[in-house]
Amino acid sequence: MSIANKWEERRKNKLSAVLSILLLFLSLSLVFSQTLQIANASTNQKAAASRVVVTAPDLNVRESGGNTSKIIDVVHKGETFTVIQTVNHWTEVKLANQQTGWLYSGYVKKIASKVETEATVHAPALNIRQEPDLSSDVIGQLPSGAKIQVLKEQGGWANIVTTSKVSGWVDKSYLTQQQTSSSQEADHEHSSTQTRSGLTKSNEQAQQTESKHPNPTPLKGKVIVLDPGHGGKDAGTTSRFTGTHEKTLNLATAATVEQRLEGAGALVIMTRTTDIFIPLEDRAAVSNENHADAFISFHYNWSNDPSAKGISDFYYQASRDHLLAANVINEVAKSTGLEDNGSGWNNLSVLRNNTQPSILLELGFLSNQTDNATAESSGFPDQVAQGVYQGLFNYFQTID
Ligand SMILES: [Zn+2]
């Protein structure tokens with residue numbers, strides 16, 4: 001071995017020693033951070049995911065809890081946030097950019113929901129992403145068997161919160177969901193909505209909606225509870241022609257309405273976002289506990305008479321609900337082109353147990369060939385969404 005070769009050998013040995021130390025350091029820090037994560041997860045396990053809605057027009061977001069803390073952002077009425085913790089009169093929330101901040105608790109309201117869904121991960125390492133998109137950043141990972149809360153669903157994605165308060169999106173096909181609310185026998189209220197008697201044409205009432213001082217954004221900040229009828233073991237009616245279950249159409253329609261109303265600045269709360277069974281009293285309770293400005297239950301109708309067709313909506317307390325019912329059915333009839341059977345009184349659980357303005361929409365007969373074809377056409381949910389939006393727009397402009 002020449003002198004030059006020896007030098008080369010020593011240089012290589014030195015390099016590999018440096019590399020080994022570096023690798024050791026890296027693996028140690030990896031183990032350390034994982035231990036930290038596990039410790040973090042176990043201390044927070046009891047906390048359930050909750051959300052708040054901002055009730056003040058403009059609300060400062062502070063770096064920590066206290067009036068003298070630095071202002072880092074401003075949020076607005078109707079915006080909702082996942083709660084991390086509450087300390088004294090301050091609520092720490094997760095902001096849109098995955099950062100956190102503190103809001104004064106007097107200007108936020110907790111969103112009550114009976115329908116939070118617990119789920120279990122069944123994949124070896126499930127990525128949590130920032131957005132419901134495969135190209136979005138991975139912000140965490142869940143081991144198989146991990147328990148999480150599902151807040152909402154969108155496409156094939158579930159918006160989740162882990163026990164250590166990490167929130168993000170996961171592929172929902174790797175989740176097994178369990179409903180956490182109590183299970184009761186279905187009250188077969190749908191059968192009582194199949195009558196067409198007692199309905200009144202709504203055009204006259206709905207035309208009285210012009211305001212002297214029109215508000216250009218009457219839905220902004222309004223709390224709207226949407227209730228997709230039936231679900232889980234309760235399929236509702238079934239199409240005479242295609243076998244499609246009513247519960248499936250109700251959910252698809254309400255989800256499209258949700259998007260439309262959120263786009264107009266409303267705070268929308270869904271009684272269910274998946275195919276689960278929810279007792280009728282729990283649906284009204286979501287409306288009552290959130291002091292909904294409007295509650296709308298979505299259904300499709302059925303009759304032994306195949307010629308029965310058209311849409312209608314129902315209310316329970318005329319002085320409170322009739323204007324809402326008239327405005328909505330009038331606009332949904334226009335946007336869908338279906339026959340308008342008007343609004344009528346009906347003794348339905350979700351309306352009777354409601355303390356808020358509430359209606360139940362029947363969006364056509366799945367026993368009528370024309371209605372069914374329209375109801376199952378791809379553009380129908382958007383048409384309904386446009387009608388519900390315009391109906392609520394007119395209604396709030398009238399009463400505000
Ligand atoms: Zn129904």
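Analyst: Leu360 counts as buried because it has 27 C-beta neighbours inside 10 Å. The cut-offs: a residue is buried if 20 or more other C-beta atoms lie within 10 Å of its own, exposed if 12 or fewer, and partly exposed in between, with C-beta atoms placed from the backbone. This is a predicted model; local features need pLDDT of at least 70, side-chain atom pairs count only at pLDDT 80 or more, and totals for chains, interfaces and linings use all residues. Residues are numbered from 1 along each chain as its sequence is written.

Leu360 sits in strand E21. Strands (E, at least two residues) and helices (H or I, at least four) are DSSP runs, numbered from the N terminus. Gly229 is 131 residues away from Leu360 along the chain, yet their C-alpha atoms are separated by 9.2 Å.

In H4 (residues 280-289), the buried residues are Leu280, Arg283, Ala284, Ala285, Val286 and Ser287. Just after H4 comes His291, with a positive phi of about 50°.

Now the core. The largest nonpolar core has 59 residues. Such a core is a set of buried Ala, Val, Leu, Ile, Met, Phe, Trp, Tyr and Cys residues joined through C-beta atoms within 7 Å. Ile224, Leu226, Val328, Ile359, Val388 and Leu392 have the most contacts inside this core. Helix H8 (residues 380-399) gives the most to it, nine residues. Val328 touches Asp313, Ile359, Leu361, Val388, Gly391 and Leu392, leaving out residues up to four places away in sequence. Contact here requires C-beta atoms, placed from the backbone, within 7 Å.

Next, the helix pair. H5 and H8 pack at an angle of about 145°, and their axes are 7 Å apart. Axes are lines fitted to C-alpha atoms, for helices over the stretch in contact, and angles run from 0 to 180 degrees between N-to-C directions. The H5 contact with H8 has 10 nonpolar, 11 polar and two charged residues. Ala, Val, Leu, Ile, Met, Phe, Trp, Tyr, Cys and Pro count as nonpolar, Asp, Glu, Lys and Arg as charged, and the others, Gly among them, as polar. After H5 comes Gly337, with a positive phi near 75°.

Technical notes:
Two residues are in contact if their C-beta atoms, placed from the backbone, lie within 7 Å.
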